[in-house]
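Here is a short note to read beside the model. Keep the 3D view open and follow the points in order.

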Amino acid sequence: TLGTVTDTFVPGSIVKGATISTGWETGVIQGNQVLTDQPIQFAGSAPINSWFTVYGNRNINAVEALQYSSNTYMVQIALKMLGQPYVPNMVLNQTDQLAVAMEEMRSGFGQYGLGVATGIDLPLESTGYITEDFTIGNYLTNAFGQFDNYTPMQMAQYAATVANGGSRISPHLVEGIYGNKEDGSMGDKIEEVKGRTLNQVNISPENMGIIQEGFYQVVHGASGF
């Protein structure tokens, strides 16, 4: 159906691999870094929680942050990108760095196909709903998939890019272009259509392996969390 490439949706937690990837690219985290999963409490506002923080604060690494779907790990990455590392009851400062950090986050997501054209061989493909009107709160929730909107095809390309080790390949429906015989039947193949490599995600193979392991552990991990 055309909605696969034209309709947009809030993606939710699937973006967390791209958030960690952007954290590596911007240098605010390193490798399988451990952060404390804890309620993120800003002055005068309700806390941002991961579902399992009711069991207490936990030190988790990047693989576990994906396995457990930790919102607060992602928010801490986003705060570090703002130059405002998390401190309980901190006051968020609205600075020019917000626009820079959001651009960096969206650029990191775009390497996986989120918020950019997938290159599919169909007209009228949507590149998602990416508004320039946002607050610092929108930026933080975007880190765990609760602001920008994407198409199902963009989300599929994101997952495929992780599976491909960071190679983003254009999806395609056309198998080939053929000539016609005089009787109207299909003739020889003129051109074979293949997916094109659009870009390579700018992280190391070792770090891509961390994302792949985190995704794998979502399904196969034995932890109660």
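1. Phe 42 and Tyr 86 are both buried (buried means under 20% relative accessible area, exposed over 50%, partly exposed in between, with a 1.4 Å probe and protein chains only). This is a predicted model: local features need pLDDT of at least 70, side-chain atom pairs count only at pLDDT 80 or more, and totals for chains, interfaces and linings use all residues. Residues are numbered from 1 along each chain as its sequence is written, and side-chain values use heavy atoms, with hydrogens and water left out.

2. How many aromatic pairs does the structure hold? There are three. Rings of Phe, Tyr and Trp (its six-membered ring) pair if their centres lie within 6.5 Å; planes under 30 degrees apart count as stacked, over 60 as edge-to-face and the rest as tilted.

3. Tyr 112 is buried, at 0% relative accessible area. Tyr 158 is buried too, at 2%.

4. Now look at Asn 71. Is Asn 71 buried or exposed? Asn 71 counts as buried because its relative accessible area is 17%. Its side chain makes a polar contact with the side chain of Lys 16, at 2.8 Å (a pair of N or O atoms within 3.5 Å; within protein, one must be able to donate a hydrogen and the other to accept it, and residues adjacent in sequence count only if both atoms are side-chain atoms).
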